[in-house]
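Reader: Could you take me through the backbone and packing features of this model, with the criteria spelled out as you go?

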Amino acid sequence: MEDARLIKGLEWIKDILESEEIRYQISGGFAAHVYGSTRPVNDIDIAIPDEVFPKLYERVKEYVIYGPKRGKDMKWDIYAMVLNYKEQEIDFGGAYTTKLSLKDPITREDTDTWIDLSTDFNKSVMMEFEGMTLPLEDPRSLAEYKKHLNGEHQIQDVKAVEKFVEDNSSQIE
């Protein structure tokens, strides 16, 4: 049984995105969860076209706790907005301008080399979750970018997503 807070938050934001006809793609730990990762889900990460942030903001402004604005640190360069809907965090990132710093393969330290994480909505993988059909990030690109993040939970996500790819390779274009 899934966390009721997660389900309610997901249903709420999915209804808004679809009623406003906003293209979206779910990524991050929640997408990894749908692909088979068993760790607890902390938030819902969603990529949306950068130009629709103002439109979405008008619908969700009472729940906004950050943004929408560009933020940059040692790991991320992202246009983002964060919501807290009934204690469920929902993170939005710009689909066309998000960048992630690469890790050095030997030291595992962040480098000053950035990779483009632009979202290709045409490569969304439609998956069922709790009676909802959701557009998820392609599992191969999800696993690839998660390899550049820190934490045991990222390793767990990568393993689960790579297993999903292996088990479903004939169904993934």
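Author: The axes of helix α4 (residues 139-146) and helix α5 (residues 152-167) come within 9 Å and cross at roughly 155°, where helices (H or I, at least four residues) and strands (E, at least two) are DSSP runs numbered from the N terminus, and axes are lines fitted to C-alpha atoms, for helices over the stretch in contact, with angles from 0 to 180 degrees between N-to-C directions. This is a predicted model, in which local features need pLDDT of at least 70 and side-chain atom pairs count only at pLDDT 80 or more, while totals for chains, interfaces and linings use all residues. Residues are numbered from 1 along each chain as its sequence is written, and side-chain values use heavy atoms, with hydrogens and water left out.

Reader: Which residues of α4 make the contact with α5?

Author: Contact means heavy atoms within 4.5 Å. On the α5 side, the partners include Phe164 and Val165. The α4 residues are Pro139, Arg140, Leu142, Ala143 and Lys146.

Reader: Is lysine 86 buried or exposed?

Author: Lysine 86 sits in the loop between β4 (76-85) and β5 (88-94), and its phi is near 50°, a positive value in a residue other than glycine. Buried means under 20% relative accessible area, exposed over 50%, and partly exposed in between (1.4 Å probe, protein chains only). Because its relative accessibility is 57%, lysine 86 counts as exposed.

Reader: What is the peptide bond from glycine 67 to proline 68?

Author: Proline 68 belongs to strand β3 (residues 64-72). With omega near 0°, the bond from glycine 67 to proline 68 is cis.
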